[in-house]
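Hi,

Here is the structure I said I would pass on.

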Amino acid sequence: MYYINGDVYEGEWVDGEREGNGEIVYASGINEKYIGEWKNDMCNGYGKYYSGIKAIADGQWHDNNFIMGKV
């Protein structure tokens with residue numbers, strides 16, 4: 001899915017929402033991305049958030065918020 005703001009999502013969908021495993025690359029220009037689990041169209045479950053080439057948040061997510069793991 002290519003979004004109007006330049007973000008790109010590749011992964012699983014259920015009933016028109018991101019659900020399951022997927023990756024979103026943000027159009028921020030600093031190589032930001034999230035790779036992991038999705039539920040209810042949000043980052044939910046295990047995932048990694050990258051900025052540049054390094055994971056800066058690796059662990060559990062709930063409703064797009066990082067809740068526990070390695071930072």
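(Buried means under 20% relative accessible area, exposed over 50%, and partly exposed in between, with a 1.4 Å probe and protein chains only.) Asp-58 forms a salt bridge with Lys-48, and their closest N and O atoms are 3.9 Å apart. Lys-48 lies in strand E4 and Asp-58 in strand E5 (residues 54-62), so the pair ties together parts that are 10 residues apart in sequence. Lys-48 itself is partly exposed, with a relative accessible area of 28%.

Before going further, some housekeeping. This is a predicted model, where local features need pLDDT of at least 70 and side-chain atom pairs count only at pLDDT 80 or more, while totals for chains, interfaces and linings use all residues. Residues are numbered from 1 along each chain as its sequence is written, and side-chain values use heavy atoms, with hydrogens and water left out.

Back to the charges. A salt bridge here is a side-chain nitrogen of Lys or Arg within 4 Å of a carboxyl oxygen of Asp or Glu, and the count comes to 2. The other pair is Asp-41 with Arg-18, whose closest N and O atoms are 3.0 Å apart. Asp-41 sits in the loop between strand E3 (33-39) and strand E4 (42-51) and Arg-18 in strand E2, so this pair ties together parts that are 23 residues apart in sequence. Asp-41 is partly exposed at 26% relative accessibility, whereas Arg-18 is buried at 13%.

Now the fold. The protein chain has 0 helices and 6 strands. (Helices, H or I and at least four residues, and strands, E and at least two, are DSSP runs numbered from the N terminus.) The strands make an open sheet in the order E1-E2-E3-E4-E5-E6, with antiparallel pairing; two strands pair if DSSP finds at least two bridges between them. At the edges are strand E1 (8-14) and strand E6 (65-70), each pairing on one side only.

Going through some of the pairs:

- E1 and strand E2 (residues 17-25) are joined by 6 bridges, and Tyr-9 has Ile-24 in E2 as its bridge partner.
- E3 and E4 pair over 6 bridges, with Tyr-34 opposite Tyr-49 in E4. Their hairpin has 2 residues between the strands, and Asn-40 takes a positive phi near 55° there.
- E4 and E5 are joined by 7 bridges, with Gln-60 in E5 as the bridge partner of Tyr-46. This hairpin also has 2 residues between the strands, and Gly-52 takes a positive phi near 70°.

What fills the inside? The largest nonpolar core has 8 residues: Tyr-9, Ile-24, Tyr-34, Trp-38, Cys-43, Tyr-49, Ala-57 and Trp-61. E3, E4 and E5 each supply at least two residues of this core. (A nonpolar core is a set of buried Ala, Val, Leu, Ile, Met, Phe, Trp, Tyr and Cys residues joined through side-chain atoms within 4.5 Å.) Not counting residues up to four places away in sequence, Tyr-9 touches a set of residues including Arg-18, Ile-24 and Trp-38; contact means heavy atoms within 4.5 Å.

Finally, the whole chain. Of its 71 residues, 27% count as buried. Its C-alpha atoms fill a box of roughly 30 × 25 × 15 Å, taken along the principal axes.

Cheers
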